[in-house]
Amino acid sequence: MNRAAEDSEVAADGGRPGPATPGRRGRPRSAAADSAIIEAVLRLIEDGVSIGELSMERIAREAGVGKATVYRRWPGKSALMLDVMRSLDVPSPPPAGLSVRDDLVSLLEFLRRRGLAKRSSALLRTVVSHVQAQPELWAEYHATVVRARHEALLGVLRRGVANGEIRADHDLDTLADLFVGPMLARALLHDRTELPDALPAEIVDLVLEGVRPTARAAG
């Protein structure tokens with residue numbers, strides 16, 4: 001898009017992009033433009049462009065939109081990269097709710113596959129490392145995506161306590177860490193360690209064995 005077209009686009013939107021004014025009714029945001037911009041970032045990174053070399057102008061040019069279109073959606077590159085990371089983040093399936101053990105295995109299997117994907121995808125590693133280097137962005141990602149996964153896990157554990165499969169004298173946040181900790185350690189800290197198919201079930205069975213009510217407690 002040339003400069004004149006971009007200026008025309010800005011004028012149609014009421015001036016240079018900036019914070020939204022309460023009660024202002026603007027043109028509806030285009031999902032197609034959102035996708036085109038995010039896909040443009042992914043293409044550039046896959047082509048070997050570093051995060052540092054990316055600019056909003058270059059991204060707009062690659063996406064075939066005006067720079068104003070990009071800035072109306074994201075105030076800067078870091079905010080855009082957060083949404084790029086979210087676009088790569090496949091949501092975990094909701095627990096089936098039939099078996100506490102099976103639901104825990106399913107949640108850990110998701111983490112295992114996520115770990116394998118990160119190892120095999122230079123693109124994902126690049127985006128994740130950029131967002132992690134920005135404390136505010138990483139906190140926002142954690143408060144939305146990561147927190148939602150944690151709450152799903154806590155929901156399964158609460159159900160286990162309610163139906164007597166898990167003792168009630170444990171802190172559930174600590175218990176959640178016992179389930180996901182071994183998987184995250186292998187996936188993120190020891191990137192040469194294998195992540196075998198049987199690992200989720202092995203972890204779940206090992207932890208459940210230690211937190212099940214004993215015959216004495218049950219009596």
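How many helices and strands are there in the protein chain? There are 11 helices and zero strands. Helices are DSSP runs of H or I with at least four residues, strands are E runs of at least two, and both are numbered from the N terminus.

This is a predicted model, where local features need pLDDT of at least 70, side-chain atom pairs count only at pLDDT 80 or more, and totals for chains, interfaces and linings use all residues. Residues are numbered from 1 along each chain as its sequence is written, and side-chain values use heavy atoms, without hydrogens and water.

**Helix packing**

Helices H2 and H5 pack together. Axes are lines fitted to C-alpha atoms over the stretch in contact, and angles run from 0 to 180 degrees between N-to-C directions.

| Item | Value |
|---|---|
| Helix H2 | residues 31-46 |
| Helix H5 | residues 77-88 |
| Angle of H2 and H5 | about 85° |
| Distance between their axes | 10 Å |

H2 and H5 are therefore roughly perpendicular (65 to 115 degrees). Among the residues in contact (heavy atoms within 4.5 Å) are Ile37 and Val41 of H2 and Leu80 and Val84 of H5.

**Helix H7**

In H7 (residues 122-132), Leu123, Leu124, Val127, Val128, His130 and Val131 are buried. Buried means under 20% relative accessible area, using a 1.4 Å probe and protein chains only. They cover an arc of only 160° around the axis, so they lie on the same side of H7. The arc is that of the directions from the helix axis to the C-beta atoms. These buried residues pack against H2, H5, H6 (100-120) and H8 (135-162).

Across the chain, buried residues make up 35% of the 219 residues.

Technical notes
Parallel < 35°, antiparallel > 145°, perpendicular 65-115°, else oblique. Buried < 20%, exposed > 50% of the residue type's maximum accessible area, 1.4 Å probe, protein only.
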